[in-house]
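Here is a short briefing on one protein model. Look over the sequence and the fold, then read on.

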Amino acid sequence: MKTNNSTSFSGAMEKRDEDLKKAQMLDARARNISHNVRCTECGSQSIEDSQADIAILLRQLIRDEIGAGKTDKEIYSKLEDEFGETVLYAPKFDMQTAALWLTPVLIAGGTAAGLVYSKHRQRTNVHIMALDLIRSVPLTPKERVTILDLLIPPPPPPQGVVSQLRRWLNLR
């Protein structure tokens, strides 16, 4: 009889551990969703961080939806349908939000292209390339240094920020 009780006890412990793990997983999932949902009353906080009444109700709604077996996507869709797209911190990508999503990419790409072009201009000199084409023979390193000394003007003396801005804007 003793082994029967211990088997029953260990089975109950395993069931309890399993239920505890399941509850922890559901709680972690609910917290993750709550961190991605904006409080409609506060606006600047997630419903996980807010103590507003609506945030508490939304957290409970999320837990209820998880308990009902809904997926994260279904929960986000329901919240978006009821409260609008602004309730989500990460709006979905569509034609209305394309500029929002693509602007950083375009700015980074433009900056990278500008830097590459600037570096390319520093490394190539049209006069040297023209001389190479005319002579049909590449310049020796000594000839290249001599030509560069002749063709490249000396750098202007350093000036203040205002005069550099005027020069950049061609206002002189």
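Which residues is S34 in contact with, leaving aside its neighbours within four places in sequence? They are S46, I47, E48, R59 and I62. Contact means heavy atoms within 4.5 Å.

This is a predicted model, where local features need pLDDT of at least 70, side-chain atom pairs count only at pLDDT 80 or more, and totals for chains, interfaces and linings use all residues. Residues are numbered from 1 along each chain as its sequence is written, and side-chain values use heavy atoms, with hydrogens and water left out.

- S34 sits in helix 1. Helices (H or I, at least four residues) are DSSP runs, numbered from the N terminus.
- S34 is buried, because its relative accessible area is 0%. Buried means under 20% relative accessible area (1.4 Å probe, protein chains only).
- S34 and S46 are 12 residues apart in sequence, yet their C-alpha atoms are 6.6 Å apart in space.
- Beyond four places in sequence, I47 is in contact with S34, V37, R38, C39, A55, L58, R59 and I62.

**The nonpolar core**
- The largest nonpolar core has 15 residues. Such a core is a set of buried Ala, Val, Leu, Ile, Met, Phe, Trp, Tyr and Cys residues joined through side-chain atoms within 4.5 Å.
- Those with the most contacts inside this core include I33, I47 and I62.
- Helix 1 (2-35), helix 2 and helix 3 (72-83) each supply at least two residues of this core. Helix 2 gives the largest share, 4 residues.

**E65**
- E65 lies in helix 2 (residues 53-67).
- E65 counts as buried because its relative accessibility is 10%.
- Not counting residues up to four places away in sequence, E65 touches K70, I75 and K78.

Technical notes: Buried means under 20% relative accessible area, exposed over 50%, partly exposed in between (1.4 Å probe, protein chains only).
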